[in-house]
Amino acid sequence: MIEDPVVPQTPENEKGATAAIQDAGDAPSLAIVNLDIGSDTSPGMYGDMYSNKFSDSAIYCHMAPAGGTGPPYYWLYFLAEGAANVVFSIHPATAVDARTPGTLVLIQDAGGRPVDLRGHVLRVSKDNKNTRSGAEIKRDYEILIRPLFEDDDDGYDFASHLPELDPIQLDSLVIVDLNRQVSKQIYRQQIGTIPTNMGRMNNMALLMADMSSVPQEAFSIEIKPKWLSQSPNAIPNALRCRTCALQASKGGAPSDYICPLQLGLGARKIIEPWLKRKVRKTIEIEEFALEPPPGVEQKIVEHLTTYLAAGGEGHELLKHLRHLQTKHDPKGVLSCDEATVRRADRLTKRYQEQHDHDELTSPRISDLRSTLRTTEGNQPGKSDDDFTDQEIDAFTKIHNLQHAMTLRDCSLFIKVNYNSGDITVESKLGDLDFKSKAKLEDWREKEEDLISGGWYKGFGTFQKSEPCLLTASWRANIPWYW
Ligand SMILES: [Zn+2]
């Protein structure tokens with residue numbers, strides 16, 4: 001069990017928060033003089049006193065004076081850390097939950113009005129090599145990822161499963177204090193700090209919906225769908241799928257693992273026991289404080305199963321994810337050979353020279369193609385800008401692979417709300433940062449190692465518990481082989 005003494009579980013003290021709002025005018029130096037808080041504000045009613053959330057493009061976060069309580073004052077607490085970013089929970093500051101390890105901040109929009117950030121977390125990029133800034137992540141997400149989930153070919157709209165990434169500008173002093181929190185974490189497995197250099201990283205962080213569990217209210221799990229169809233480069237008649245082959249090469253699958261092909265198939269009899277193990281493991285390993293009331297745990301498992309099994313909303317989302325993965329990478333990472341990379345690089349370089357180093361993206365590739373088509377009559381295969389068909393194909397191929405690899409490494413956060421009479425389930429995708437093509441070599445190497453190591457063939461001891469759907473199919477169809 002990992003205890004988490006830093007993240008507060010205290011429910012918001014709304015009465016305290018409201019009282020504190022009325023004290024906000026007394027705050028020195030950072031006091032908001034134009035706070036539009038009517039004296040008739042009811043306790044706990046946040047409604048009209050806030051600006052229309054995120055309607056202004058800019059939200060600002062400054063250090064707050066000690067003692068500032070109630071919105072627009074918030075505590076930021078370290079929540080989690082990844083290789084490229086750190087996540088902080090956000091809590092309206094109340095007199096009762098003020099505690100020293102957090103960072104007390106003042107959050108307001110461009111008009112100086114407070115912003116309601118309950119139910120959100122703050123995600124801040126680190127300054128590691130190849131880490132994208134908040135601004136870059138936001139731009140890639142809106143241009144390259146969001147359109148894939150809106151109105152798919154079958155008429156489904158999966159946009160509701162996409163998190164909103166709302167930009168927030170952090171004061172440099174806030175960043176210094178957030179780094180202080182990060183440096184105090186005892187069990188850090190990651191490296192890097194949050195940059196205070198305003199130039200490169202722009203000090204833009206991102207606000208996202210908080211999908212974590214709430215004790216006695218909601219229970220959340222995170223799943224990694226991974227490769228929902230077989231790698232196009234796998235050997236013919238493979239006994240394992242790409243993800244199971246990789247797991248086997250690492251020495252076996254963890255107890256809460258499921259073969260992605262099984263997950264995509266959506267059979268209740270496979271999914272339910274897996275979810276049961278996963279929910280129990282989450283409670284035991286991560287947070288005993290999340291243990292639901294007696295009898296509710298089984299209900300949570302049942303609702304999660306219905307959500308992810310064939311016919312469920314989550315199942316439809318996974319099918320869409322599988323469709324996108326396959327569509328964007330029909331030939332596999334090994335088809336992006338050296339010649340393809342050279343052609344794509346040539347195109348990128350020339351494009352950036354001609355477009356003031358603006359980044360080339362898939363929507364811009366469509367423009368290049370139309371340029372190419374309109375000039376084909378004069379100079380076959382060449383556009384006015386001297387981009388060739390071959391180069392555009394190479395760039396498109398690698399760019400599509402980046403899409404596929406992004407979608408093969410995303411997370412799905414599923415939250416079961418059980419506090420009210422009806423149990424409801426919601427889900428959001430996460431970790432959708434567009435993958436850098438600098439990873440191409442790693443992807444190729446990994447695939448080559450799986451093939452040469454025999455992991456697709458079934459190298460390693462085949463146990464009865466081998467999780468892969470492909471293994472199960474072989475066993476069912478040619479039992480004498482085993
Ligand atoms: Zn598998």
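**Close-up views of a predicted model**

**View A. Strands β2 and β3 form an antiparallel pair.** Strand β2 (residues 73-81) runs antiparallel to β3, and seven bridges join the two. This is a predicted model, in which local features need pLDDT of at least 70 and side-chain atom pairs count only at pLDDT 80 or more, while totals for chains, interfaces and linings use all residues. Residue numbers start from 1 along each chain as its sequence is written. Strands here are DSSP runs of E with at least two residues, helices are runs of H or I with at least four, and both are numbered from the N terminus. Two strands count as paired if DSSP finds at least two bridges between them. A hairpin of three residues leads from β2 to β3, and E81 sits opposite V86 in β3. How many of the eight residues of β3 (residues 85-92) are buried? Seven are, so the strand is largely enclosed by the rest of the structure. Buried means that 20 or more other C-beta atoms lie within 10 Å of the residue's own; 12 or fewer makes it exposed, anything in between partly exposed, and the C-beta atoms are placed from the backbone.

View B. Strands of a sheet pair through backbone hydrogen bonds, either parallel or antiparallel. Strand β5 (residues 120-125) has antiparallel pairing with β3 over five bridges and with β7 (residues 204-209) over four. R123 of β5 is a handy landmark: V87 stands opposite R123, and L206 in β7 is the bridge partner of R123. Contact means that the C-beta atoms of two residues, placed from the backbone, lie within 7 Å.

**View C. Strands β8, β9 and β10 make an open sheet.** The order is β8-β9-β10, and the pairing is antiparallel. Which strands stand at the edges? They are β8 (218-223) and β10 (424-430), each with a single partner strand, so one side of each has no neighbour in the sheet. The twist averages 20 degrees from one strand to the next. Six bridges join β8 to strand β9 (residues 411-417), and S220 has K415 in β9 as its bridge partner. Helix α8 packs on this sheet and touches β8, β9 and β10, its direction making about 135 degrees with that of β9.

**View D. T306 belongs to helix α8** (residues 296-308)**.** With 17 other C-beta atoms within 10 Å, T306 is partly exposed. I271 lies 35 residues from T306 in sequence, and their C-alpha atoms are 9.3 Å apart.

**View E. Helices α10 and α12 cross.** The axes of α10 (residues 338-354) and α12 come within 8 Å and cross at roughly 105 degrees. The two helices are therefore roughly perpendicular, a label for angles of 65 to 115 degrees; under 35 counts as roughly parallel, over 145 as roughly antiparallel and the rest as oblique. Residues that meet here include V341, A344 and L347 in α10 and I392, F395 and I398 in α12.

**View F. Helix α13 has its buried residues along one face****.** W443, E447 and L450 are buried. Seen down the axis of α13, the buried residues fall within an arc of 60 degrees, so they line one face; the arc is that of the directions from the helix axis to the C-beta atoms. Their cover includes α5 (242-249) and α12 (389-407). On the other side of α13, E441, D442, E445 and S452 are exposed. The 13 residues of α13 (residues 440-452) should span 18 Å at 1.5 Å a residue, which agrees with end C-alpha atoms 18 Å apart; the expected span is 1.5 Å times one less than the number of residues. After the helix comes G454, with a positive phi near 75 degrees.

Definitions and conventions
Axes fitted to C-alpha atoms, helices over the stretch in contact; angles between N-to-C directions.
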